[in-house]
Amino acid sequence: MDNKYIYIVMGVSGCGKSTIGTLLANELDIPFFDGDDYHPKANVEKMASGKALNDEDRKGWLQSLNKLAIDHREQGAVIACSALKESYRALLRNQLGEEMVFVYLQGSFTEIHERLKNRKGHYMPIALLKSQFETLEPPKDAIEISINHNPKEIIAKILDKRA
């Protein structure tokens with residue numbers, strides 16, 4: 001399988017982006033990057049205070065992730081990034097087109113809310129989950145995978161759909 005793609009593992013907080021992204025990158029032997037690590041300090045502080053990010057807050061962050069993707073286009077990479085709106089995905093895809101593959105980890109509010117109750121040490125409070133679901137514009141051009149599968153099954157489904 002040709003690994004020269006940039007995979008964006010996307011969905012709301014708590015859907016398993018980092019877990020699945022790490023496993024996918026390991027399976028494909030390409031680098032993994034957690035998009036959360038690229039948020040500017042002001043974004044982290046805003047979320048930690050219980051305020052949702054707006055489009056302007058996200059713009060520079062998404063541009064940084066686009067540059068990261070472009071820098072890794074020759075070797076491929078997996079990036080975990082919420083990418084909730086189509087306009088965000090367009091910013092991420094800039095200059096990459098078909099070289100970028102979106103993997104949408106889909107789950108219900110109830111399922112993900114339960115997961116977030118058990119997540120410790122993350123700056124995004126569970127109270128912001130509702131705003132993420134309100135912002136979410138499900139992609140029309142992504143590999144869509146239910147979070148109800150175990151991680152190994154999710155990776156197999158992603159690879160099967162890319163084959």
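Which residues in α1 meet which residues in α7? The points below answer this and describe the parts around that contact. The model is a predicted one.

1. The α1 and α7 contact. On the α1 side the residues are Ile20, Leu23, Leu24, Glu27 and Leu28, and they meet Pro151, Ile154, Ile155, Ile158 and Leu159 of α7. Sorted by class, this contact has 9 nonpolar residues, no polar ones and 1 charged one.

2. The geometry of that pair. Two packed helices are described by the angle between their axes and by the distance between those axes. Helix α1 covers residues 17–28, and its axis comes within 10 Å of the axis of α7, crossing at roughly 55°. An angle of 65 to 115 degrees would count as roughly perpendicular and one under 35 as roughly parallel, and α1 and α7 are therefore oblique to each other. The crossing of α1 past α7 is right-handed.

3. The sheet. Five strands make up an open sheet with parallel pairing, and their order is β2-β3-β1-β4-β5. The strands at the edges are β2 (32–34) and β5 (143–146), each of which pairs on one side only. From one strand to the next the twist averages 20°.

4. Helices on the sheet. Helix α3, residues 55–71, packs on the sheet and touches β1 (6–10), β2, β3 and β4 (100–106). The direction of α3 makes about 165° with that of β3. Helix α7, residues 151–162, also packs on the sheet, where it touches β1, β4 and β5. The direction of α7 makes about 160° with that of β5.

5. Strand β1 and its neighbours. How many bridges join β1 to β3, and how many join β1 to β4? There are 4 bridges between β1 and β3, which run parallel. Between β1 and β4, which also run parallel, there are 5 bridges. Isoleucine 8 stands opposite isoleucine 79 in β3, and valine 9 has alanine 80 of β3 as its bridge partner. Toward β4, isoleucine 6 has methionine 100 as its bridge partner.

6. Burial of β1. Strand β1 is mostly covered, with 5 of its 5 residues buried. In a regular strand the side chains alternate between the two faces of the sheet. In β1, Ile6, Ile8 and Met10 lie on one side, Tyr7 and Val9 lie on the other, and all are buried, so both faces are covered.

7. Strand β3. Strand β3 spans residues 77–80 and is joined to β2 by 3 bridges, the two running parallel. Phenylalanine 32 stands opposite valine 78 in β3. Both faces of β3 are covered: Ala77 and Ile79 are buried on one side, and Val78 and Ala80 are buried on the other.

8. The α3 and α4 pair. Helix α4 covers residues 86–93 and packs against α3 at an angle of about 30°, with the two axes 8 Å apart. That angle makes α3 roughly parallel to α4, because angles under 35 degrees are counted that way. The crossing of α3 and α4 is right-handed. From α3 the residues are Asp55, Arg58, Lys59, Leu62, Gln63, Leu65 and Asn66, which meet Tyr88, Leu91, Leu92 and Arg93 in α4. By class, the residues of this contact divide into 5 nonpolar, 2 polar and 4 charged.

9. A loop residue. Is leucine 128 buried or exposed? Leucine 128 is in the loop between α5 (109–117) and α6 (129–135). Its relative accessible area is 7%, and buried means under 20%, so leucine 128 is buried. Not counting residues up to four places away in sequence, leucine 128 touches Met47, Gly50, Lys51 and Ala52. For one of these, glycine 50, the separation from leucine 128 is 78 residues in sequence and 6.7 Å in space, taken from C-alpha to C-alpha.

Conventions:
Residues numbered from 1 in each chain as written. Predicted model: local features only at pLDDT ≥ 70, side-chain atom pairs only at ≥ 80, totals over all residues. Heavy atoms only, no water. Pairing = 2+ DSSP bridges. Axes fitted to C-alpha atoms, helices over the stretch in contact; angles between N-to-C directions. Contact = heavy atoms within 4.5 Å. Buried < 20%, exposed > 50% of the residue type's maximum accessible area, 1.4 Å probe, protein only. Parallel < 35°, antiparallel > 145°, perpendicular 65-115°, else oblique. Left-handed = near helix turned anticlockwise from the far one by under 90°. Nonpolar A, V, L, I, M, F, W, Y, C, P; charged D, E, K, R; others polar.
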